[in-house]
Amino acid sequence: MGVLNVTPDSFSDGGLYVDPGAAEARGLELVAEGAHVLDVGGESTRPGADPVPADEELRRVLPVVERLAVGTRAPVSIDTMKSEVARAAVEAGAVVVNDVSGGLADPEMLPTIAALRASGHDVHVVLMHRQGDPRTMQLDPRYHGDPVREVCAHLEGRARAALQAGIPLDRVTLDPGIGFGKRLEHNLSLLGRLQEIRALGHPLLLGASRKSFIGHITGAEQQSDFLALERRDRPADRLGGTAACLALAVAGGSVDVVRVHDVAVMREAVLVAQAIAGASSGA
Ligand code: HH2
C-alpha cells in the first residue's frame with residue numbers, strides 16, 4: 001500500500017502533493033514502483049496534529065480519488081476517520097476505507113460502510129488500534145498490563161462492532177497502529193509479536209514507514225556533533241529502519257499489507273525477505 005498524503009502538514013511528506021495534478025502523478029509513480037493499493041489521506045494524524053473540518057478534507061481528497069480511480073487499476077483506499085469523507089470517496093471510486101480510529105471517531109463510520117456495501121460497493125475496511133487522539137496520544141501513553149494483549153482485545157472488539165454493523169468479517173483488516181499512543185517499548189512488543197494479532201484471523205496491515213520510533217532506536221535524535229547535524233534524523237531517511245521492520249514482519253508470515261512511502265525500496269525488502277523465508281521453510 002503506497003502512502004499518498006494530500007495534506008500540508010503530514011510528518012514526512014506534508015505539502016508535497018497538495019495540488020491534485022501532483023498527487024495524481026505521485027499516485028501513478030507509486031503504482032509504477034509496485035504499489036498494489038494507493039492510500040489517499042487528507043488529514044494528518046501525526047502526534048500534535050489539529051483536526052481538519054470535513055469540507056476541507058473533502059476538498060483535498062476527492063479530486064485525487066476521482067483521478068486515480070479512473071487513471072490506474074490499483075484499488076484506491078481513503079484514509080479518513082469521517083463517515084462523510086468515506087462515503088464521498090467510495091462514491092468517487094475508493095474501495096477501501098482506512099480508519100485509524102477503528103471506527104470510533106465517528107459513530108456513523110461502520111453503519112455508513114455497511115450501507116455503501118448494501119448499495120453495491122464492495123468496500124473493505126481497515127480498523128486500526130490507537131490510544132487517545134493525535135493531539136494528545138504521545139504525551140504519556142500507558143497500558144495497564146501487556147500492551148499486545150490489550151491491542152488484540154481492542155481490535156477483536158472493533159472487528160465484532162464491524163460485524164454487528166453489517167460488514168462481513170472477511171472484509172475487515174486489522175492494524176496495531178504503530179506510533180499511535182505507544183512508547184518505543186510498546187511499538188517493539190507489537191512488532192515482535194505480530195503473529196498474536198494475526199491469530200485473530202483477519203488480514204493484518206502494518207504501518208511502520210518512516211515513523212519516529214526508528215529514529216529513537218538509531219539514536220540520531222540524541223547526537224549533537226557536527227556530523228550528526230549532517231546526518232540528522234529526518235523521516236525520509238528512516239529507510240533502513242523501515243526495511244528492517246518490514247523484512248522481519250513479512251518473513252514471520254504475520255502481515256498481509258505494508259503501508260509505505262518508499263514503495264520501490266520496500267518492495268525489494270519484502271521480496272527478498274519472502275524469498276529467504278520461503279527457502280528456509282522449504283516452500
Ligand atoms: N499511519 C499513518 C496514517 N495512516 N493508517 C494505518 N492503517 N496504519 C498506520 O500505521 C497509519 C495510517 C501515519 O503516517 P502518515 O500518513 O505518513 O502521516 P500523517 O498522518 O502525518 O499524514
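Here is a short tour of this structure, stop by stop, for you to follow in your viewer.

Keep in mind that this is a predicted model: local features need pLDDT of at least 70, side-chain atom pairs count only at pLDDT 80 or more, and totals for chains, interfaces and linings use all residues. Residues are numbered from 1 along each chain as its sequence is written, and side-chain values use heavy atoms, with hydrogens and water left out.

**Stop 1: the ligand**

Select the ligand and the shell around it. There are 18 residues around the ligand, and those that come nearest are Ser10, Thr45, Asp175, Lys211 and His261; to be near, a residue needs a heavy atom within 4 Å. By type, the shell divides into six nonpolar, seven polar and five charged residues. In that scheme Ala, Val, Leu, Ile, Met, Phe, Trp, Tyr, Cys and Pro are nonpolar, Asp, Glu, Lys and Arg are charged, and the others, Gly among them, are polar.

Now draw some distances. An N or O atom in the side chain of Thr45 sits 2.6 Å from a ligand oxygen. For ligand nitrogen, pick Asp79, with a polar side-chain atom 2.9 Å from a nitrogen atom, and Asn98, with a polar side-chain atom 2.8 Å from a nitrogen atom. How much of the ligand does the protein bury? Taken alone the ligand exposes 490 Å², and 98% of that is buried by the protein. The areas are Shrake-Rupley values with a 1.4 Å probe, and for residues only the protein chains shown count as cover.

**Stop 2: Asp79**

Stay on Asp79, which is in strand E3 (residues 76–79). Helices (H or I, at least four residues) and strands (E, at least two) are DSSP runs, numbered from the N terminus. Is Asp79 buried or exposed? Asp79 is buried, with a relative accessible area of 9%; buried means under 20%, exposed over 50%, and partly exposed in between, with a 1.4 Å probe and protein chains only.

**Stop 3: helix H4**

Next, select residues 109–118, helix H4, where seven of the ten residues are buried. Among them are Met109, Leu110, Ile113 and Leu116. Their cover includes helix H3 (83–91), strand E4 (96–99), strand E5 (124–128) and helix H5 (147–165). Just after H4, check Gly120, with a positive phi of about 105 degrees.

**Stop 4**

Arg210 is in the loop between strand E7 (205–206) and helix H8 (212–218). Its phi is near 60 degrees, a positive value in a residue other than glycine, and at 8% relative accessibility Arg210 counts as buried. Step into H8 for Gly215, buried at 0% relative accessibility.

**Last stop: the cysteines**

A search of the whole structure finds zero disulfides, a disulfide being a pair of cysteine sulfur atoms within 2.5 Å.

Notes: Polar contact = N/O pair within 3.5 Å; in protein donor to acceptor, adjacent residues only side chain to side chain. Contact = heavy atoms within 4.5 Å.
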